[in-house]
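Q: Could you walk me through how to read a structure like this one, feature by feature? I would like the general idea each time, and then the case at hand.

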Amino acid sequence: MLALWPQGPVLKARISVLFSIVTAGYVAIFLAQDSANQHTNLRLSPPLPTPFYEISGPFKQLVADILLIKTKVFLGGRSAETDPLSYAENLDRQFSAISDLHPELLDIYYLCESSLSWISRPSAERSNQILSAGLEGRPEQWTIPFFIGFNNFRYLQDNDVAIRFLSMAANKPFAPEWVGSLANLLSTDGGDIVAGFLLLREMRNQTVDPLLRSNLDRDISQYQNALVVLRAIASYNNINGHRPGQLTDLIPKFLAMLPRMEDGYELEYFNQRLHLHKATGQP
Amino acid sequence: MKARLINIREIARLIFLEGFRRHTILGLAVLAIATEASGFLFMDFFGRDLGNPVNDFIFSIMWFVGFVFIFFHAVQIMAWDVERGFIFPLLARPVSRTDYVIGVFAGLSALLACLQLLLGILGFLTLIWIKGSVAATFFPELSVAHYLYAFFSLLAYQLLLIAVVMLLSSAIRGSFPVLVLSFAYYGIASGLPVVRSMLGTSDQQHALQYILTLLAALFPNPSTYDLKADVLTVASNLTALEIAAGFGSAFLYMVIALWLACLLYGRRDLS
């Protein structure tokens, strides 16, 4: 039996061939898997419940840093067609876990504001809860109450709460003067439209990305339309001594026609006050 | 008394030199520096708040390297003394078992302190360098006093852990069971605060609350000694009483653990 089994150089040659086949097989399978993975769209998995991370003791801040990097990689690498609502919940959970583990980390709040707040009304509410952790973690920062105020103004349309947080931001060290002016402006009649216009114009001036600039330009044009109506209401009030009962009363003397609102924006005239709303889910 | 102190010093020196001879410090320092260097590649992911992740990273590496030292060097040093018979020539001389336990603890503590001091200085220089190379917006504060406090708190917990390893080694034979139990000790110490916070302060579970409080005293929470978050804050107000309580409790815990270790080692059959 042993005599049938090849020995010496023949055995060595066969072992070499077999080894080469196994190695080539592994490399082929690895490359196929690797290639398949690269074509898969990035997905953001939900984090584990926070207590699991808290068990890591002195490493929990590092865990938070790593979770934030993972979230940034997802946000930077997702395809442009990905529906924001498909990942909003997991994004919210990631930010919640990270802010629970490391409330002092400022990057969380900037990323949360730019990636979660605008997706939907519930996202804006969740975003404000996450940002609230930052009020305690980084009490010296004016940007965090500013973000909460901005979300209440723009996405939740609750100007009373917005004014409260903008005033809080204005009282923080190093807060620019315009934050306090915004809070004052919001409390005036039609001030929300003027404040929104000024905010968006400032954002556009500071934005480098051409795509974002063009989105902001579209928003600004809607605010400009609303400002035209606001000015017409003021003229009507000056001449007639009272405000119009409805917006169509402005036509044709004060306004040739009501402006056509686009991109989910709509004008609302309620209790003789003009408001500009944006449908939720619109970026 | 003087003779005993000399004995302890000589055993500590043996353990200290053994650590250098086995390149423990060198290996762990290289590991820590290589990890730090590779970790800084990820710092570009943080656009606003560079101080926090760098500080987290530096202290996490110090914690990690300390744990590697304790679990994989200190545990084996204690076990090898018996398993390889190193202890017999020592105990054949006029050295008591108590002197031996305290001497080994002192030697291991000195080694760990050397290692952490090296990493602490490197870490602080790194923080200063990064703070100097970015605008104040991205790294506004760095408190030397808080850095020192966080550093010595970390060291205090890790010395406490060495005392626990000494206690476990005095009661159990073999490095592997001691290693497993040391991991279990650390796991319980880290997990217990989570259990306590989840159960809250329910009035209906008085007995359980007492048991958990007792367990928390037996297994001190490592996060209590993790003060790295204060290094970058301005508003943190430390009181002398808090500092004294933190270090005092660690010191007393170490004394109790070593005392028990000496008692157990004195009664142990080494054959």
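Q: Let us start with the inside. Which residues touch the most other members of the largest nonpolar core?

A: A nonpolar core here is a set of buried Ala, Val, Leu, Ile, Met, Phe, Trp, Tyr and Cys residues joined through C-beta atoms within 7 Å. A residue is buried if 20 or more other C-beta atoms lie within 10 Å of its own, exposed if 12 or fewer, and partly exposed in between, with C-beta atoms placed from the backbone. In this predicted model, the largest such core has 109 residues, and A:L166, B:I162, B:A163, B:V165 and B:M166 touch the most other members. Helix α6 (residues 144-171) of chain B gives the most to this core, with 17 residues.

Q: What should I keep in mind about the numbering and the confidence limits?

A: Residues are numbered from 1 along each chain as its sequence is written, while chains are lettered from A and ligands numbered from 1 in the order in which they are written. As this is a predicted model, local features need pLDDT of at least 70 and side-chain atom pairs count only at pLDDT 80 or more, whereas totals for chains, interfaces and linings use all residues.

Q: Which residues is B:V165 in contact with, leaving aside its neighbours within four places in sequence?

A: Two residues are in contact if their C-beta atoms, placed from the backbone, lie within 7 Å. With those neighbours left aside, B:V165 is in contact with B:I70, B:A74, B:V75, B:M78, B:V178 and B:S182. There is also a second, separate core of 10 residues, which includes A:L200, A:A232, A:L255 and A:L276.

Q: How many helices and strands does each chain have?

A: Helices (H or I, at least four residues) and strands (E, at least two) are DSSP runs, numbered from the N terminus. Chain B comes to 9 helices and 0 strands, and chain A has 11 helices and 2 strands. Along the sequence of chain A, the pattern is α-α-α-α-α-α-α-α-α-α-α-β-β.

Q: What does the radius of gyration say about chain B, and what about chain A?

A: The radius of gyration is taken over C-alpha atoms, and the globule rule is 2.2 Å times the number of residues to the power 0.38. Chain B has 21 Å, close to the 18 Å that the rule gives for 271 residues, so chain B is as compact as a globular protein of that length. Its C-alpha trace spans about 65 × 55 × 35 Å along the principal axes. For chain A, a compact globule of 283 residues would be near 19 Å, but the chain has 29 Å. The C-alpha atoms of chain A fill a box of roughly 115 × 45 × 30 Å along the principal axes.

Q: Which peptide bond is cis?

A: A cis peptide bond has omega near 0°, and here that is the bond from A:I251 to A:P252. A:P252 is found in the loop between α11 and β1 (265-270) of chain A.

Q: How many residues of each chain meet at the interface?

A: 17 residues of chain A are in contact with 21 residues of chain B. On the chain A side, α3(A) gives the most, with 5 residues.
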